[in-house]
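Open the model in your viewer and keep the sequence panel beside it.

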Amino acid sequence: MQGVNCVKSEIHSVLTALRIHSTSAAKTRGSAQGGIENPLVRKLKDLYDQLANTNDLSLIDTVQVFDPFLSCIVADNTNAIVTDAALQAVHKFLLYGHVTVHSFNAAPAMSNIAHSVAQCQFDATSAGEAEVVYMKSLEVLVECLRCPAGPLLTDDAVCAMVTQSFAVRSRPNISKLLRRHADNSLLQMVLVIFARLSPDTKTGGEKIITKEERKDFKITDGGVIVHPPETPSTHQPYGVNTMERVLKF
């Protein structure tokens, strides 16, 4: 029930930001949109209606839960306020553990989060406003790796996250605060990635999957690696390959 209420609360927050953005945009253009509903608003309302029929968030497709928020993040016609609200919602869902390795369709959902945040777009009215959004996006990327569903991320997803973090750090004319925040995010990402390479499973490390074991993994059309049902404990979509690509980056 708490998970459902949390999502509903964030839907309200993002809807409020979208309505403020729509009103501001209409005033700028000097006309309204003729009653046409914003497709981003429609997605959020549809999700809210879907949640009204259940008290258990685990019964809802995880991809469907995140999709309306991720659509706001990648939309190129939204402002920084809307993007920041959507990023805060996604960060909260991950931080509160509302998605785990056992959540329905969690693997593609995590991949969608990583790629969407890495492709974050928004219109900012000032450099300070933009940096707030960049900081929040970095927090979401780090939490993607650290959250319970982090092990479901693919090599490509993790590398996209690291690349985006480095891109933020390398942006020209950014403040020292944002640069240090990006440096710290990169450090945390690398620590999580390398921690998965520990062969000591008794102390909480991850098992390294051999080439023979990898033959049992299946890759879907969306690039999501699905572990064999008989050995769920060995599910490790990212690890050695990601480490090698990060070191060559």
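The stops that follow go from confidence, to the core, to one helix.

Begin by colouring the chain by pLDDT, since this is a predicted model; the average over the chain is 82, and 77% of the residues score at least 70. Select helix H3 (residues 62-74), where confidence is highest at a mean of 97, and then strand S2 (residues 225-226), where confidence is lowest at a mean of 44. Over residues 28-32 the pLDDT is also below 50, and this stretch has two contacts in the model beyond near neighbours in sequence. Where pLDDT is low, the predicted coordinates should not be read in detail.

Next, select Phe-69, Leu-94, Ile-113 and Leu-153, which have the most contacts inside the largest nonpolar core, a set of 69 residues. Helix H6 (127-146) is among the helices that supply at least two residues of this core, and H6 gives the largest share, 10 residues. Staying with Ile-113, display Phe-66, Leu-70, Val-90, Leu-94, Val-140 and Cys-144, which Ile-113 touches when residues up to four places away in sequence are not counted.

Finally, select helix H8 (176-195), and ask which of its residues are buried. They are Leu-178, Ala-182, Ser-185, Leu-186, Met-189, Val-192 and Ile-193; seen down the axis of H8, these buried residues fall within an arc of 130 degrees, so they line one face of the helix. Turn to the face pointing away from the buried side, and you will find the exposed residues Lys-176, Leu-177, Arg-180 and Leu-191. The cover over the buried residues of H8 includes H6, H7 and helix H10 (240-248).

Terms used:
Residues numbered from 1 in each chain as written. Predicted model: local features only at pLDDT ≥ 70, side-chain atom pairs only at ≥ 80, totals over all residues. Heavy atoms only, no water. pLDDT = per-residue confidence, 0-100. Helix = DSSP H or I, 4+ residues; strand = E, 2+ residues; numbered from the N terminus. Contact = heavy atoms within 4.5 Å. Core = buried A, V, L, I, M, F, W, Y, C linked by side-chain atoms within 4.5 Å. Buried < 20%, exposed > 50% of the residue type's maximum accessible area, 1.4 Å probe, protein only. Arc of directions from axis to C-beta.
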